[in-house]
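Colleague: Could you pick one part of this model and take me through it closely? I'd like to follow it with the structure on my screen.

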Amino acid sequence: MSLSDIPWNHLHLPTRQDPATGLYPQNLYPPAFLAHGFSQLSNAFYHNHLNSFNMNPLSTDEMERFQKLSNEFEPDIQGPLVSTKQSSSAIAVEYANADPTFAAKTSALAATHPFSRIMKGDGNCGWRAVAFGYFENLFNLRNTLQVQRELLRIKSLNVLLDQVGQQEHLYEIFVDETEQVFSQITEAIENGIRDDSFLVDAFNSEYNSNAIITHFRLLTSAWMKLNPHRYQAFLSLPIDQYCATRIETVRTEIDEVGLQALIDGVVEGSDFAVEILYLDRSEGDVVTPHLLTPNRPTAGTIRLLYRPGHYDLLYQAEPTVNLEPVVNYQYAMTSNYSPWDQSALSFDVNSSLMSIPNLMMDPSFALASSPIPAAPPSPYRVSSAPEIYPPPMPTPSPAPVASPPPPPMSAPPPPPPMTSLPSRSSDGPQIRLNPLVMKPNLSHSLPVTTPFKNSPYNQAHFQNQDFEPIHYEPNESRR
C-alpha cells in the first residue's frame with residue numbers, strides 16, 4: 001500500500017479558494033477526524049515495512065547454548081561460605097542510606113543482636129544457616145552425651161530415605177560427612193576446646209558444606225513426601241514436583257514452606273528452637289520475629305535474619321546480671337584475731353560454761369586440773385583447761401581396829417566417796433570465771449568466745465550500735 005492508496009477525500013480538505021476573498025475557507029474539522037486519517041496513514045506505513053524489523057529466529061543449537069550459559073552463570077560474590085562472628089553494626093552501615101524503615105530497624109537490630117554471621121548468597125544460604133546454627137548450638141551445650149544422642153537420631157532418619165526409594169549407596173556419602181562433623185564436635189568438647197573455628201573451617205570447605213546441605217535436603221524432601229497433608233495446601237505444585245524442583249535441586253534457595261519442613265523433619269527432635277527475624281517494610285522500628293518451633297523451654301535457639309532472598313545468622317545479646325556485694329556474715333568466725341585484751345591470761349573456751357547466764361567471779365578457788373576433756377585443736381592460743389571445782393577434801397581415816405583377815409579372793413574396797421564439797425558462799429554460785437570478765441570495759445552481756453567478741457554483732461564491741469561503755473560492778477549482778 002502506498003500513500004496514493006489512502007482515501008484522502010474523506011478528510012474533506014479544502015481544494016479551492018473563495019472567489020471573493022481569495023482565501024481558503026476556515027471550516028476546520030474536529031481533531032477526531034484528523035486523528036482517524038493519520039491513524040490510517042500510520043497503519044499503512046508500518047504494514048508495508050513490518051518485515052524489515054523482524055529478527056531472524058535462533059536455531060535450536062543457539063538456543064541450547066544460551067540456555068547453558070544462563071544455567072552456568074554465577075554472580076561474582078566475594079567472601080567465605082560462612083563468616084566468623086562479626087558486629088551487626090556492619091548491617092546497619094549497609095542500610096544507612098537505604099529506605100528509612102530499613103535504616104531504623106537495622107540500627108535497633110545492632111543493639112538487640114550485637115553479633116551476626118554472614119552466609120554466602122550462592123543459593124544455599126538458608127540451608128547453610130540452619131545447618132551451621134544446628135551444629136553450633138550443639139557444640140555450645142558442651143555435652144558429649146547429647147552429641148551422641150543427636151548422632152544416633154540423625155542416623156535413624158535414614159529410614160525416611162529408604163521409605164521414599166532413595167538408594168543407600170547414593171546418600172551414604174552425604175551421611176558420612178555429617179557424621180564427621182559430630183565426631184569433630186565430640187573431640188573438641190573432650191579436649192576442652194571452646195573455639196568454634198574448626199566448625200567454621202568445616203563449613204567453608206566446598207565439598208563438606210555441600211555434602212551436609214545435600215543430606216539435609218534429602219531428609220527434608222523425604223519428610224515432605226511422607227507427610228504431604230501438612231504442606232500440600234500451601235503449594236501450587238504437586239508435592240513430588242515441588243520436592244524435585246525446589247528442595248532436591250542444588251543451589252536452589254529455600255522458601256517458607258521448605259524451611260518449615262526442614263525444621264519439622266530434621267531440627268525438631270534436637271530440642272532447639274528456630275526463630276526468624278524479618279527485615280522488611282512492615283510497621284515498627286524493630287525487625288519482626290517469628291518462632292517456627294513450639295513455644296517451650298529449649299536447649300538453644302537458631303536465630304535467622306531474613307532479608308529479601310537471603311538468610312544470615314544472628315546472636316542475641318547476653319542478659320546482664322547485676323550482682324550486689326556479698327556480705328560475709330561469718331567473717332568473724334573464720335578470721336584469726338589477736339586476743340581481745342593483750343594483758344589477759346590465756347584460757348580455754350568451754351561451750352557449756354559460756355552458755356550459763358549471769359556468771360560472776362569468785363576468786364576463792366585456785367586453778368587445778370580439769371575433769372572436762374581437752375577441746376579439739378584450735379587456731380587460737382589455748383592453755384590447759386582450768387579447774388571448775390577443786391578436788392575433793394580428804395576424809396580423816398578412823399582409828400585402826402582389829403579385824404579378821406579378808407577372804408583371800410575378795411575384791412579391793414572402792415575408793416572413798418566424795419563426802420564433802422567446798423563451802424559455798426550465800427551470795428552466789430561458787431564458779432571461777434576467766435579474769436576477762438573482771439575487766440572494766442565489759443557490759444552485763446554474756447561472756448563470749450574469742451571470735452565473736454571481736455565481731456560488731458557483739459553488744460560489748462565498740463562498733464555495735466547498742467554499745468554502751470558501762471563499768472562492771474560485781475555487786476550489781478547479785479541483786
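Modeller: Let's start with L277, whose bridge partner in strand 4 is P289. What you have is a predicted model, numbered from 1 along each chain as its sequence is written. Local features need pLDDT of at least 70 and side-chain atom pairs 80 or more, totals for chains, interfaces and linings use all residues, and side-chain values use heavy atoms, without hydrogens or water.

Strand 3 (residues 272-278) runs antiparallel to strand 4, with four bridges between them. Strands are DSSP runs of E, at least two residues long, and helices are runs of H or I of at least four, numbered from the N terminus; two strands pair if DSSP finds at least two bridges between them. The whole sheet is open, with six strands in the order 1-2-6-5-3-4 and mixed pairing. Strand 1 (86-87) and strand 4 (288-291) are the edges: each has a single partner strand, so one side of each lacks a neighbour in the sheet.

Now step back to the loop between helix 12 (256-267) and strand 3, where D271 sits. D271 isn't a glycine, yet its phi is positive, near 65 degrees. Most residues other than glycine have a negative phi. With a relative accessible area of 33%, D271 is partly exposed, meaning between buried (under 20%) and exposed (over 50%), using a 1.4 Å probe and protein chains only.

Helix 12 takes us on to helix 6 (144-156), since helix 12 is among the elements covering the buried residues there, along with helix 5, helix 7 (158-163), helix 8 (168-190) and helix 10 (206-226); contact here means heavy atoms within 4.5 Å. Those buried residues are Q146, V147, E150, L151, R153 and I154. Down the axis of helix 6 they fall within an arc of 165 degrees, so they line one face; the arc is taken from the directions from the axis to the C-beta atoms. The face turned away from them carries exposed L145 and L152. Helix 6 has 13 residues and reaches 18 Å from first C-alpha to last, close to the expected 18 Å, where the expectation is 1.5 Å times one less than the number of residues.

At the start of helix 6, a side-chain oxygen of N143 comes to within 3.0 Å of the backbone nitrogen of L145. In the loop between helix 5 (125-140) and helix 6 you'll find R142, another non-glycine with a positive phi, about 55 degrees. R142 is partly exposed because its relative accessibility is 24%.

Terms used: Polar contact = N/O pair within 3.5 Å; in protein donor to acceptor, adjacent residues only side chain to side chain.
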